[in-house]
Amino acid sequence: MNGDEGDGQSSPVGRLAATVERLRQEVRAAQAEADGRALIELAKGILVERLGCGPAQASRQLAELTAQAGVTPLEFAVDVINQASRDRLSEVTSAFLAATASADPPEGHSSAVRLRTAESGALAADDTQAVADSLLEHALTPLGAEAVAIWALGADGSLTLAGSAGFSSAEAGRWRHVPPGVTTVARRGLTERSGEWIRSLSETGLPSIGQHAHPDGGRVAVPAEAGGRIHGVLEIAWPTPLESPPPAIVRQVEALAELCAHTLQTYTLQHPEGASGPRVLPDVSELMDLADGLHDPALVLVPHLGSDGRLVDFRIHHVNSRFLDPAGRPRGAVNGAMLLEAYPMAAGHSELFERIESVYATGEPYRAPRMRLTALVDDVQLAAVADINISRHGGSVLLIWRIEDETARLASLLQHAQRLGRIGGFEENLLTGEITWNGQLFHLYGKPVSDSPVPLEELPAHAHPDDSVAIGRFLRTVLHQRRPASTAFRLQRPDGVTRHIRVVAEPVLDSSGQLYMLRGAYQDISAHHWTEVALAATRDQLAHSEQQASERDRLTLQLQHAIMPPTQAPLEVPGLDVAVRYRPAETQHLVGGDWYDAVVLPSRLVLLCVGDVAGHGIEAATSMVVLRNALRGLAVTGAGPGQLLSWLNMVAHHLTGAVTATAVCGLYDPETHTLRWARAGHLPPVLVRGSEAAPLPLVTGLLLGAVPEATYQEHEVQLAVDDTLLMYTDGLIERRDRSVEESLAQFLTVARAVPPTLDQQLDRLLTHSRSDTDDDTCIVGIRVA
């Protein structure tokens, strides 16, 4: 085989392919030339209108201006159209040019030419498939898009693929119809006016046409809206992830979606059948007939568009005979007016206008119970509550509202109030003998509504005999003295149940002052009566408990004062001054278990101790007595302070009902001036020497009563002349808002000032105490002389 025979162009198949490609290019060139001629002729028409000349002169003028500008006639024609139209497409042309400047224009056409060509094709075509092809070829391919789908929105909420380009025919067939309620990318695009911009289709998991070709590609779904009504969705597919687009590109896509809306209007009229079968688009006259046949007030609204073709308001085209204006205006004052003019508050907090606008745009009906309707009449705001129904029918909107009957609503509220309050009303005509009871009163009496009501004069026969005097006084006041009156009595019902009832009645006099009618009410106060009885019993019990508690506190305080007097006679010890102070709690019920002791033992040693039993009241006071007396008895054995606390711990754990307490115990030897001491969970003593005050070393020792057996460490300190040793309970320093360390530091500051006598020093410590717990306080002080 030679080279010529191997050349595909010389083979029959190769020649046939070349011929097909040549013919395809000729068809494209013819289409481009036809589109170009349409744009050039449109530019000539603009010059004829602007210059007031004929077609021939406009053609020469266009050629001269094109030559001066140095561009092609087609590009100059597009510039003329953009300058003349100043439409939405013109606003985004500059942004479109900037975004597509890097793309190589086919056949030498600029991006502006392709954009106007796409618009021309969209407006001229009545076939959405041709519109999809034109948009993809002229407007979307320079942006990197690979496919486009135009969806028509059905009256039932379904989506129909009206046209597509870039998708295979098999894929388009599979996505021919999307039933209502199925969430897809296109469906998501209906919910937002700005559309749904998706970076990558795989990130959302939403199904869509062509999803398997480029699963990571970007998608855009923008509602195709015209005149405030959404006719469908424009969906655009990119092969790669879509980064966040600039606002100019967003406006361009919205402009292309608006072009699709004009074609979808024609498509909807040509394809009225939907998922549920053929449907008929009613005109306004049919909708008016429908409104007139309703039993509820209804308005027929038609959209009112502004000069830019956008929805600005709705005109009230018709109101039916049952229409009731919230402001009480006649139907003629509302019929024919703009909705926002008749009800300017509709755009406020009730969102009524936004709901109507949404129903008109999407076709999805809206229902709301008890929406507040507001009208502004003569600068007075009037309101009513109504059930709202809004639906779209063809190009109009039907608004139905059922305004609540205020009288019926108040009557219903009164019935509920009477039922909840267990109140029954009556009215008795004394001239005719006619008596009227409501249903609640029959229920209170335990009588069926078929029985005859009981006259007020016969009330004693249905009451407890012991209440006859009170009822007689009540009847004389109402019937003879003709004054309103009330009384409480026990109603004895036929079923044997006794209820406590309060009756209120007032006489009604005629013009001559004669009594002719009685009006009143019965109320079941049984629950209130028994509550009062329970409260009275509770008050008695509370008073008895308070009396017992007061007596208990008094006895506790007497017991404590008998054993622990606030002051004690001076203790006679050679070479040693001893003083004690006891300050009881300010509140009697806080009487606690603080105790102290200072006594000379048979061994001539001085026993010094303070302690604090946990808790308050009689139990704490009696436990304190047990521990104080036990320590005195144990001290005569001659044991040291550590052993004494160990024995006292056994007493607290086994013999006092397992109480717990803290204590510090010391034995002072007047001959050697030494002090041996131990502690059981208590604060250590404080030694004041000269101008310094510091606590003694913290030896170990568990609080009393916590465990059956415990050992306590002892410590010995040598005292000098004029040294002062202080033992105290925590009631002297404890504060709720400070730590123990902070309170102890303040106590040491006060203790450094040494008055002439020990008694003065203890009094000064009590005076400057900053404790805020209202607890008992004990202080034992010794000073070496």
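Trainee: Leaving aside neighbours within four places in sequence, which residues is Glu-457 in contact with?
Mentor: Glu-457 is in contact with Leu-475 and Leu-479. Contact means heavy atoms within 4.5 Å. This is a predicted model, in which local features need pLDDT of at least 70 and side-chain atom pairs count only at pLDDT 80 or more, while totals for chains, interfaces and linings use all residues. Residues are numbered from 1 along each chain as its sequence is written, and side-chain values use heavy atoms, with hydrogens and water left out.

Trainee: Where does Glu-457 lie?
Mentor: Glu-457 sits in the loop between helix 17 (439–445) and helix 18 (468–480). Helices here are DSSP runs of H or I with at least four residues, strands are E runs of at least two, and both are numbered from the N terminus.

Trainee: Why does Glu-457 count as exposed?
Mentor: Its relative accessibility is 59%. Exposed means over 50% relative accessible area, buried under 20%, and partly exposed in between (1.4 Å probe, protein chains only). Therefore Glu-457 counts as exposed.

Trainee: What makes Arg-482 partly exposed?
Mentor: Its relative accessible area is 35%, so Arg-482 is partly exposed. Arg-482 is in the loop between helix 18 and strand 14 (485–492). It has a positive phi of about 55° although it is not a glycine.

Trainee: And Asp-722: buried or exposed?
Mentor: Asp-722 counts as exposed, at 55% relative accessibility. It lies in the loop between strand 24 (714–718) and strand 25 (724–728).

Trainee: Which residues in helix 15 are buried?
Mentor: In helix 15 (residues 352–362), they are Leu-352, Phe-353, Ile-356, Val-359, Tyr-360 and Ala-361. Just after helix 15, Gly-363 takes a positive phi of about 80°.

Trainee: Why are helix 20 and helix 21 called oblique to each other?
Mentor: The axes of helix 20 (residues 618–635) and helix 21 (residues 641–654) come within 10 Å and cross at roughly 140°. Axes are lines fitted to C-alpha atoms, for helices over the stretch in contact, and angles run from 0 to 180 degrees between N-to-C directions. Under 35 degrees is roughly parallel, over 145 roughly antiparallel, 65 to 115 roughly perpendicular, and the rest oblique. Therefore helix 20 and helix 21 are oblique to each other.

Trainee: Which residues in helix 20 and helix 21 meet?
Mentor: Val-626, Leu-627, Ala-630, Leu-631, Leu-634 and Ala-635 in helix 20 meet Leu-644, Trp-647, Leu-648, Val-651 and Ala-652 in helix 21. By class, this contact has eleven nonpolar, no polar and no charged residues. Ala, Val, Leu, Ile, Met, Phe, Trp, Tyr, Cys and Pro count as nonpolar, Asp, Glu, Lys and Arg as charged, and the others, Gly among them, as polar.

Trainee: Which residues in helix 22 and helix 23 meet?
Mentor: Phe-747, Val-750 and Ala-751 in helix 22 meet Gln-761, Arg-764 and Leu-765 in helix 23. That contact has four nonpolar, one polar and one charged residues.

Trainee: What pLDDT does the protein average?
Mentor: It averages 79, and 74% of the residues score at least 70. pLDDT is the predictor's confidence in each residue, from 0 to 100. Over residues 1–8 it stays under 50. Residues 274–282 also stay under 50. Where pLDDT is low, the predicted coordinates should not be read in detail.
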